[in-house]
Amino acid sequence: MNNRYILPVIIFIPLLLLQITVIPLFAFYNATPDLILILLVYYSINYGQTYGTVLGFVFGFLFDLITGSLLGSAMLSKTIAGFIAGYFSNENKRDIYAASYVFSFIVLLCAVVDSIVYSFFSATELQRNFLLLFFEQGFLPGLYTAIVSIMVVVFIPGRRLY
Amino acid sequence: MFRFFSKIWNEFKEYIILVLLLILSLVTLSLNEKPGIKKVHSLAFGAFASVTSVISNVINTAKVESENERLRRVNAELMLQVNKLREYAVVNQQLKKLLEIKDSLSYPLIPAKVVSKSLTKSQSTITINIGSKNGVKPGMPVINDLGLVGIINSTSDDYSIARTLKNIDLKITVKDERSRVDGIMKWNGEDLVIINVPKTYDIEPGDRIISSELSSIVPVPIQVGVVLGLTKVGEGIFNEVKIKSYVDFVSVENIFVIGIVESKEKKNLELNFYKREEK
């Protein structure tokens, strides 16, 4: 029972290490996949909306604290992402969502929202083309994250991370 | 009454929690500049940076071979330049003696390695493996062999966080090396730009941009980038100058911190002057 609270935080630490050391090497047009978000979506689908919202908040807080980014920006974006992912936590369809390619679509949705909210609260320049902003700061990193999330579906089919 | 609240809680639990956490996040956002929050921030990243430095070392070792190759080439090019500069230095010293100008060209360089990067679209920062124990202080410029990388933002005992040029919170006074005109350079989330440049200023694509001695943050000439072109040409009385940085922030690994900080004496003098003007 306690695994659902402790394990995500334990997995979070090595994932964050990867995120800030190795992942920047695979940047594509400044966009990098967000491994933390994939973990967040996975747990949110499995444990519900309230759990996802709180977990997103905790992940965001730790991310801001450790990476030196603006404290509160990732907290805000990850909380919203966890809330959205939790929408898909339906008792009957949970296993279908978490272990099929639908998972990647949920990740895409959450990653786009996460990236847009994060860039909105950490950037002040809003005078540029909104569509371009949406594509570069929302859709591109979101798509990259969704593609990487396919690995979760391929390598952990039908299994849970606990 | 209790039953009413209990019913509300049960029906809208998710939304109540979401709103509370969002409010908490927004409050935290507004507290970023508080000294206490900054201290906790630097302690946390300092503790984690010791772990990330181990991984960075492994990655760096794998990349050492290609880095060596590049450094050999840079070394050869520098050797050619050094010969030229030696001649200039001799002439320079003679002229300085004549003019009795203070020698301001020797600054302590503190070598460091990048242990982690947070390369977001607007708030790019790097964490380096030297801190206040090594004499690093907030405000010190960070450079590598290609030019200016950023400015130290906060330090712990053994690690420091630097804002790179691709950070919207960093603004630096720069100048065109050819025409000597000054301007404020910043990252607008998309490009490095010099803002509010009068249309009469002589800045052309291909000009080298260096830090200006007018800058209170980087008062030494360090190369920053090259002019790509002018924007907003058709509107208003100012142009915006687009710049390409010499430094590739994705691959930056070995850097130097220049051991200079903003002169408090100079700053106080200027502040007192402006206060007197206001009276």
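Me: What makes up 30% of the 279 residues in chain B?

Reply: Buried residues do. A residue is buried if 20 or more other C-beta atoms lie within 10 Å of its own, exposed if 12 or fewer, and partly exposed in between, with C-beta atoms placed from the backbone. This is a predicted model: local features need pLDDT of at least 70, side-chain atom pairs count only at pLDDT 80 or more, and totals for chains, interfaces and linings use all residues. Residues are numbered from 1 along each chain as its sequence is written, while chains are lettered from A and ligands numbered from 1 in the order in which they are written.

Me: Why is B:Arg180 called exposed?

Reply: B:Arg180 has 9 other C-beta atoms within 10 Å. The limit for exposed is 12 or fewer, so B:Arg180 is exposed. B:Arg180 is not a glycine, yet its phi is positive, about 65°.

Me: Why is B:Asn196 called partly exposed?

Reply: B:Asn196 has 14 other C-beta atoms within 10 Å. Exposed needs 12 or fewer and buried needs 20 or more. B:Asn196 falls in between, so it is partly exposed. Its phi is also positive, near 50°, and B:Asn196 is not a glycine.

Me: Which residues is A:Val41 in contact with, leaving aside its neighbours within four places in sequence?

Reply: They are A:Ala85, A:Ile106, A:Val107 and A:Cys110. Two residues are in contact if their C-beta atoms, placed from the backbone, lie within 7 Å. So the C-beta atom of A:Val41 lies within 7 Å of the C-beta atom of each of these residues.
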